[in-house]
Amino acid sequence: MSVQNQQEAVLETEAVHLEPPRLYKVLLLNDDYTPMDFVIHVLQRFFAMNRERATEIMLKVHREGRGLCGLFSRDVAATKVGQVSDFARRHQHPLACVMEKN
Ligand code: TYC
């Protein structure tokens, strides 16, 4: 086998073993202090939801303790968590936003 063919064989083998990019859940957690309207605003502002969808998710979190905001690549998920956490803290609310592997 020529050197060029050997190199091509290695490249093909590696391409076959590429894993699909992992996705991460971004979740909101319930607390007793953050106003419902503020949570709805966060879901509209950072997750591009309409008011109806944002209200559904907020109520799910309120009743069940946590709720899914969306699925994202690791970098985008980390950015969302940072943006929501900063925004909540600036408004002096304890709202928690976390990410976890899907
Ligand atoms: N439990 C809050 C209240 O009664 C509302 C709330 C909903 C807080 C969702 C956080 O992620 C949350 N005001």
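Start with the whole chain. Its accessible surface comes to about 7,100 Å², and 52% of that belongs to carbon and sulfur atoms. Accessible areas here come from the Shrake-Rupley method with a 1.4 Å probe, and for residues only the protein chains shown count as cover.

This is a predicted model: local features need pLDDT of at least 70, side-chain atom pairs count only at pLDDT 80 or more, and totals for chains, interfaces and linings use all residues. Residues are numbered from 1 along each chain as its sequence is written, and side-chain values use heavy atoms, with hydrogens and water left out.

**Stop 1: the fold**

Switch to cartoon. Four helices and three strands make up the secondary structure of the protein chain. Their order along the sequence is α-β-α-α-β-α-β. Helices (H or I, at least four residues) and strands (E, at least two) are DSSP runs, numbered from the N terminus.

The protein chain has 102 residues, and 31% of them count as buried. Buried means under 20% relative accessible area, exposed means over 50%, and partly exposed is in between (1.4 Å probe, protein chains only). Now consider contacts between residues at least 6 apart in sequence: 73% of these join residues at least 24 apart. A contact means heavy atoms within 4.5 Å.

**Stop 2: helix α4**

Select residues 74-90. This is helix α4, with 17 residues. At 1.5 Å a residue it should span 24 Å, and its end C-alpha atoms are 24 Å apart, which agrees. The expected span is 1.5 Å times one less than the number of residues.

Which residues of α4 are buried? Colour A77, K80, V81, V84, S85, F87 and A88. They cover an arc of only 165° around the axis, so they sit on the same side of α4. The arc is taken from the directions from the helix axis to the C-beta atoms.

Then show what covers the buried residues of α4: the cover includes β1 (24-29), α2 (36-47), β2 (66-72) and β3 (96-101).

Zoom in on S85, in helix α4. S85 counts as buried because its relative accessibility is 18%. A polar atom of its side chain lies 2.6 Å from the backbone oxygen of V81. A polar contact is a pair of N or O atoms within 3.5 Å; within protein, one must be able to donate a hydrogen and the other to accept it, and residues adjacent in sequence count only if both atoms are side-chain atoms.

**Stop 3: the nonpolar core**

Show side chains for V26, L28, V42, L43, F47, V84 and L95. Of the 24 residues in the largest nonpolar core, these touch the most other members. At least two residues of this core come from each of β1, α2, α3 (51-64), β2 and α4. The largest share, seven residues, is supplied by α2. A nonpolar core is a set of buried Ala, Val, Leu, Ile, Met, Phe, Trp, Tyr and Cys residues joined through side-chain atoms within 4.5 Å.

Centre on V84. Leaving aside neighbours within four places in sequence, V84 is in contact with L28, V42, F46, F47, L95 and C97.

**Stop 4: D31**

Go to the loop between β1 and α2, and pick D31. Is D31 buried or exposed? D31 is buried, with a relative accessible area of 19%.

D31 and G65 are 34 residues apart along the chain, with 8.0 Å between their C-alpha atoms.

**Stop 5: two positive phi angles**

Most residues other than glycine have a negative phi. Select A48, in the loop between α2 and α3. A48 is not a glycine, yet its phi is positive, about 55°. A48 counts as exposed, at 71% relative accessibility.

Q92 is not a glycine either, and its positive phi is about 60°. Q92 is exposed, with a relative accessible area of 74%.

**Last stop: H93**

H93 is found in the loop between α4 and β3. H93 is buried, with a relative accessible area of 18%. Not counting residues up to four places away in sequence, H93 touches T34, P35, F38 and A88.
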